[in-house]
Amino acid sequence: AAVGQDADGEARHAGGPFEAGALQILFEDDLLLVVNKPAGLLSVPLPHNDPTPSVYTLLQAHLRGHRHRRPFVVHRIDRDTSGLVLFAKTMRAQEALKDQFRRRTPERVYQALVYGHPAPPAGTWRDVLVWDKTALIQRETHPTDPRGKEAVAEYRVIEGFESTSLIEVRLHTGKRNQIRIQARLRGHTLVGEQRYIYGPADIRPIDFPRQALHAYRLVFQHPADHRELRF
């Protein structure tokens, strides 16, 4: 089943994925939706009425004509990252779910394919990052920088290959592009990465159309009855 053992008959699509246009809805009830976002699709619309499709606009079309007229954003993942994204159906559910993210209680686990072989094979990444509003990227900064934000993640190597490693990363903080920059800071650029890179292109020989990053597991409490939902 697409939903963990605690997701019971309240879910309309708990028996399997439901296709809403280009979007796969894994779970839906009266308060929330969990979707499997494909790479290349925005989580939320671009500003200034840009017509580029997004998860938000597809869900908005899915909900049209129902009691819930629009989705409410809880969190987002990068356009070229695939995987699990959570939306609410009411403002009250949105606030309850966002509060969980503020308290860092949801479990958010990603899988990534990186160049090189992280050593040790498991550990914790701790950095202080600042968002460059001009370049639109994260940068490492000094711990005393008043603009800096702490970024923490645990990683472990799942499998090693000749020149790459498949790793699992569990976020403790949820900074924009966090895994991409933290891997790059340690010399382990993601396969397919175009922004957080260094050195000549020939040290990244694998032809892959986007960063090899997937939001693999998401665990949180239902905002109504606090049961655990695991995807």
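Student: Which strands do the buried residues of α2 pack against?

Tutor: This is a predicted model. In α2, the buried residues are Ala-93, Gln-94, Leu-97, Gln-100 and Phe-101. Their packing partners are β3 (32-37), β4 (72-73), β5 (82-88), β6 (107-115) and β11 (213-221).

Student: Why do the buried residues of α2 line one face of the helix?

Tutor: Buried here means under 20% relative accessible area. Looking down the helix axis, the buried residues of α2 line one face because they fall within an arc of 125 degrees.

Student: Which exposed residues does the face of α2 turned away from its buried side carry?

Tutor: Exposed requires over 50% relative accessible area. On the face turned away from the buried side of α2, the exposed residues are Met-91 and Arg-92.

Student: How far does α2 reach from its first C-alpha to its last?

Tutor: Helix α2 covers residues 91-102, twelve in number. At 1.5 Å a residue, 16 Å is expected. The reach from first to last C-alpha is close to that, at 16 Å.

Student: Which residue just after α2 takes a positive phi?

Tutor: Helix α2 spans residues 91-102. Just after it, a phi of about 60 degrees belongs to Arg-104.

Student: How many charged residues are in the lining of the largest pocket?

Tutor: The largest pocket has a volume of about 1,400 Å³, and 47 residues line it. Nearest its centre lie Arg-76, Asp-78, Lys-175, Arg-176 and Asn-177. By class, the lining has 19 nonpolar and twelve polar residues, and the charged ones number 16.

Methods:
Residues numbered from 1 in each chain as written. Predicted model: local features only at pLDDT ≥ 70, side-chain atom pairs only at ≥ 80, totals over all residues. Heavy atoms only, no water. Helix = DSSP H or I, 4+ residues; strand = E, 2+ residues; numbered from the N terminus. Expected span 1.5 Å × (residues − 1). Buried < 20%, exposed > 50% of the residue type's maximum accessible area, 1.4 Å probe, protein only. Arc of directions from axis to C-beta. Contact = heavy atoms within 4.5 Å. 1 Å grid on protein atoms, 1.4 Å probe; cavity = no way out; pocket = protein on both sides within 12 Å on 5 of 7 lines; lining within 4 Å. Points joined across faces, edges and corners; volume = space filled by probe spheres on them. Nonpolar A, V, L, I, M, F, W, Y, C, P; charged D, E, K, R; others polar.
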